[in-house]
Amino acid sequence: KFTIAFCSQKLILLSTMDSLLPFDHQLYSLYMDDMNNSQGFYITPSEDGSALVAGVRPVAGDHSGDDHRERAERAARFAVDEHNKTAAGEKDLLEFHGIMNLNWQPTVCAMYYITMQATDSDGEPAYYEAKVWEKLSSGYKVELFRPAPYCLKRIGN
């Protein structure tokens with residue numbers, strides 16, 4: 001696996017063996033296209049497993065014991081609760097059902113980019129995006145909560 005890093009005003013690619021490799025402008029361009037088009041919610045994983053240092057990266061699979069997935073589910077539930085606190089009426093209340101897509105970004109703790117399914121008070125399913133910052137000492141902060149413009153199909157159950 002490789003990691004991209006900044007060093008002396010130049011971008012370099014670091015391998016796990018600490019050898020330097022040339023920066024792949026095409027991979028970086030694809031990553032930035034994903035970031036600009038989806039605001040971090042849909043990032044295509046690289047074929048070689050490389051990730052940008054401090055960049056947004058996908059959480060693969062649906063592993064029930066995965067720490068990121070468990071923490072992200074708590075963050076998603078927190079975002080729905082915060083939405084419900086500010087809902088205009090009972091019809092706007094949501095019930096969380098599950099994470100459809102998950103990306104995370106390492107920060108002082110973590111920033112989660114969550115696409116989730118929730119139902120309204122009529123039982124109608126809908127998809128929402130939440131950008132939730134997990135703070136080191138003070139819990140969660142919802143940076144963004146909105147209807148998802150589209151949602152990728154969930155792979156597996």
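The protein chain contains two helices and nine strands, where helices (H or I, at least four residues) and strands (E, at least two) are DSSP runs numbered from the N terminus. The model is a predicted one, in which local features need pLDDT of at least 70 and side-chain atom pairs count only at pLDDT 80 or more, while totals for chains, interfaces and linings use all residues. Residues are numbered from 1 along each chain as its sequence is written, and side-chain values use heavy atoms, with hydrogens and water left out.

Followed along the sequence, the elements of the protein chain come in the pattern β-β-β-α-β-β-α-β-β-β-β. Of its 157 residues, 33% are buried; here buried means under 20% relative accessible area, exposed over 50%, and partly exposed in between (1.4 Å probe, protein chains only). The accessible surface of the protein chain amounts to about 9800 Å², with 52% of it belonging to carbon and sulfur atoms. These areas come from the Shrake-Rupley method with a 1.4 Å probe, and for residues only the protein chains shown count as cover. Among contacts with a separation of 6 or more, 45% are between residues 24 or more positions apart, a contact being heavy atoms within 4.5 Å.

Let us turn to the sheet. Five strands form an open sheet in the order 5-6-7-8-9, with antiparallel pairing; two strands pair if DSSP finds at least two bridges between them. Strand 5 (57-58) and strand 9 (139-147) stand at the edges with a single partner strand each, so one side of each has no neighbour in the sheet.

Strand 7 (residues 110-119) has nine of its 10 residues buried, so it is largely enclosed by the rest of the structure. On one side, 10 bridges join strand 7 to the antiparallel strand 6 (residues 95-106), and the two form a hairpin with three residues between them. Strand 7 also pairs with strand 8 (residues 125-135), again antiparallel and over 10 bridges. That hairpin has five residues between its strands, and Gly 123 in the turn has a positive phi of about 85°.

Ile 99 stands opposite Met 116 in strand 7, and the bridge partner of Met 116 in strand 8 is Tyr 128. Tyr 128 in turn stands opposite Pro 147 in strand 9. Strand 8 and strand 9 run antiparallel and are joined by eight bridges, with three residues between them in their hairpin.

The buried residues of helix 2 are Arg 69, Arg 71, Ala 72, Ala 75, Ala 76, Ala 79 and Val 80, and they pack against strand 6, strand 7, strand 8 and strand 9. In an α-helix there are 3.6 residues a turn, so residues three or four places apart point the same way.

Ala 60 and Leu 102 are 42 residues apart in sequence, yet their C-alpha atoms are 8.0 Å apart in space.
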